[in-house]
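I opened this notebook to record what I looked up in one structure, and in what order.

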Amino acid sequence: MDLELRDQLYAQAKEWVLAAGKQIRNKINDPLVIDTKSNPNDLVTTMDKETEAFFATEIKNKYPDHFILSEEGFGDDLKTLDGTVWIIDPIDGTMNFVHQKRNFAISIGIYQDGVGEIGLIYDVMSDILYHAKRNEGAYKDKEKLAPLKSDVKLEQSILSLNHFWLCENRLVDERVMQGLVKKVRGTRTYGSAALEFAYVAEGILDGYLTMTLSPWDVAAGMVIVNEVGGVTGNIDGEALNMLKRNSVFTCNPVIQKDIIDDYFVKGKK
Ligand code: 2AM
Ligand code: CA
């Protein structure tokens, strides 16, 4: 992607993300209409839909030849990632948004022919923007994020996990997960994949592992984590398919192979 065009897209995307976040903060105590999607705990609200509609309208108006891949149905039905594609989750961590009114994010990745060029993750209530352009480093607001440490040991690492390993098609045996949880120093669950990617990039988590995520949950985070030397794949260490749901493991590369070899590859035998 032409770098001048990329800078323009980045500035425009940032302006829209900050505006959408401000709108959400202004309406945070308004009554919500809450629906469920794939299961009774998979939530969507009027705010998710309004926010996505805002992005879709602005993008289609200003960049009619760009495509949108997004969670709540205002995007395009894409079969490929050819061209410029905005991959959008208007509210990542909807359950947190509904129950806690914090710990949720707007997540936008801009991809060119399948390559992540721009990532923006906006922690709306904390007013913190994690952002990156490919090959230009990752930032938390104005602070440049340091490369991930190369001396991390699995025994001293903190992993973010959620309970989906108990329910999602039994991709892993729960005894394998017990072994992994015992091995690491600690686990955390934040409930927003985008924020969990941002924390991996910040180096305050060593990895985030979950059994099922959609492209809009990971698109921005992958760009940001990549810029500090982190790696993202599925639990077999393979590249993600950005048009489908995947198991996801994003982490410091120092622990990726240990975990995959010792827990997932062996665990499935
Ligand atoms: P969401 O809030 O945009 O739905 C929760 O651990 C994380 O997993 C959130 O980022 C959430 O995104 C995501 N997630 C993906 N699929 C989900 C599902 N079927 N139900 C609930 N959360 C899901
Ligand atoms: Ca969402």
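The entries below go from conventions to the metal site, then to strands, helix and pockets.

**Conventions.** I am working with a predicted model, in which local features need pLDDT of at least 70, side-chain atom pairs count only at pLDDT 80 or more, and totals for chains, interfaces and linings use all residues. Residues are numbered from 1 along each chain as its sequence is written, chains are lettered from A and ligands numbered from 1 in the order in which they are written, and side-chain values use heavy atoms, with hydrogens and water left out.

**Calcium ion (ligand 2).** I looked up donors, meaning N, O and S atoms within 2.8 Å of the metal (3.2 Å for Na, K and Ca), and noted that sites may look incomplete because water is not among the atoms. The protein donors are Glu71 (OE), Asp89 (OD), Asp89 (OD) and Ile91 (O), at 2.1 to 3.0 Å from the ion. Glu71 sits in the loop between strand E3 (67-70) and strand E4 (84-92), while Ile91 belongs to E4, 20 residues apart from it. For burial I used relative accessible area, with buried under 20%, exposed over 50% and partly exposed in between (1.4 Å probe, protein chains only). Glu71 is partly exposed at 23%, whereas Ile91 is buried at 1%.

**Strand E5.** Strands (E, at least two residues) and helices (H or I, at least four) are DSSP runs, numbered from the N terminus. Eight of the eight residues of E5 (105-112) are buried, so the strand is largely enclosed by the rest of the structure. In the E5 and E6 hairpin, with two residues between the strands, Asp113 takes a positive phi near 50°.

**Helix H6.** Nine of the ten residues of H6 (193-202) are buried, so I record the helix as largely enclosed by the rest of the structure. Just after H6, Gly203 takes a positive phi of about 85°.

**Pockets.** A pocket is an open set of points on a 1 Å grid over the protein atoms alone, where a 1.4 Å probe fits, with protein on both sides within 12 Å along at least five of seven lines; lining residues have an atom within 4 Å of a point. Of the 34 residues lining the largest pocket, Asn41, Asp42, Met95, Phe164 and Gly191 are the closest to its centre. In the second largest pocket, lined by 17 residues, Gly203 is among those nearest the centre.

Notes: Pairing = 2+ DSSP bridges.
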